[in-house]
Amino acid sequence: MRLVFLGPPGSGKGSQAKFVVERYGVAHISTGDLLRNAVKAGTEIGRKASAIMQKGNLVPDELVTELIVQHLDAADIWSRFLLDGFPRSINQAEQLDATLDKRMSPLTMVVHLHVEHDALIKRLSGRRTCTNCGRIYNVYFEPPEVDGKCDDCEENGELMQRDDDNEKSIKNRLTVYDENTKPLLAYYEKSGLLRTVDGSGDLAGIAEQVDRVIQEH
Ligand SMILES: [Zn+2]
């Protein structure tokens, strides 16, 4: 099982990816984590990436793909992985396909969590962060016991909304996501890999639907 998970901010993609990883024993691959680890460990790719990022540039697709391949080799997980947050562009998708084809391990499915913008805005604007310990709440999904106060810090923990969780900024993030993702969805639709799941319900309900598309395969 070789999966790619796609979903906008607030779609619950991270939670669903975690369920699939636990349920099917696939390896969870976050390119963000891989990159941070490589930089921290000072590997060759890590040093290259670090130099590029220090100049304020984006790490090129080739390097990220190389990083994924190295990880698949090192962990020996070519047959069972879930890519979370990658690819983000057609170029990355094509490179990934070419690389996986070379190793005769093509993707088996692309799961896309679809949620309407209104619902995403509600979810994302409900986020509150404890000013004392940094714990994150959601007034809709994970409310604190006392309104506006952190469960862990009580009187010391005021819950605040982060600046970039306001509606305007959220709408902007979603628009950018849509612009980047639409061509990607078309690309995977064309190759017959795309499965779209309605991500508007609760976590358990969505997980059931994800299960269904995986098992139908
Ligand atoms: Zn707190």
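Predicted model: local features only at pLDDT ≥ 70, side-chain atom pairs only at ≥ 80, totals over all residues.
Mentor: Local features here need pLDDT of at least 70, side-chain atom pairs count only at pLDDT 80 or more, and totals for chains, interfaces and linings use all residues. Residues are numbered from 1 along each chain as its sequence is written.

Trainee: What makes strand 2 and strand 3 a pair?

Mentor: Strands are DSSP runs of E with at least two residues, numbered from the N terminus, while helices are runs of H or I with at least four. Two strands pair if DSSP finds at least two bridges between them. Strand 2 and strand 3 (residues 81–84) have 4 bridges, in the parallel sense, so they pair by that definition. Ser30, for example, stands opposite Asp84 in strand 3.

Trainee: Why are strand 2 and strand 9 at the edges?

Mentor: The open sheet of 5 strands has the order 2-3-1-4-9. Strand 2 (27–30) and strand 9 (194–198) each have a single partner strand, so one side of each is left without a neighbour in the sheet.

Trainee: Which strands does helix 7 touch?

Mentor: Helix 7 (residues 167–190) touches strand 1 (2–6), strand 4 (109–114) and strand 9. Contact means C-beta atoms, placed from the backbone, within 7 Å.

Notes
Contact = placed C-beta atoms within 7 Å. Axes fitted to C-alpha atoms, helices over the stretch in contact; angles between N-to-C directions.
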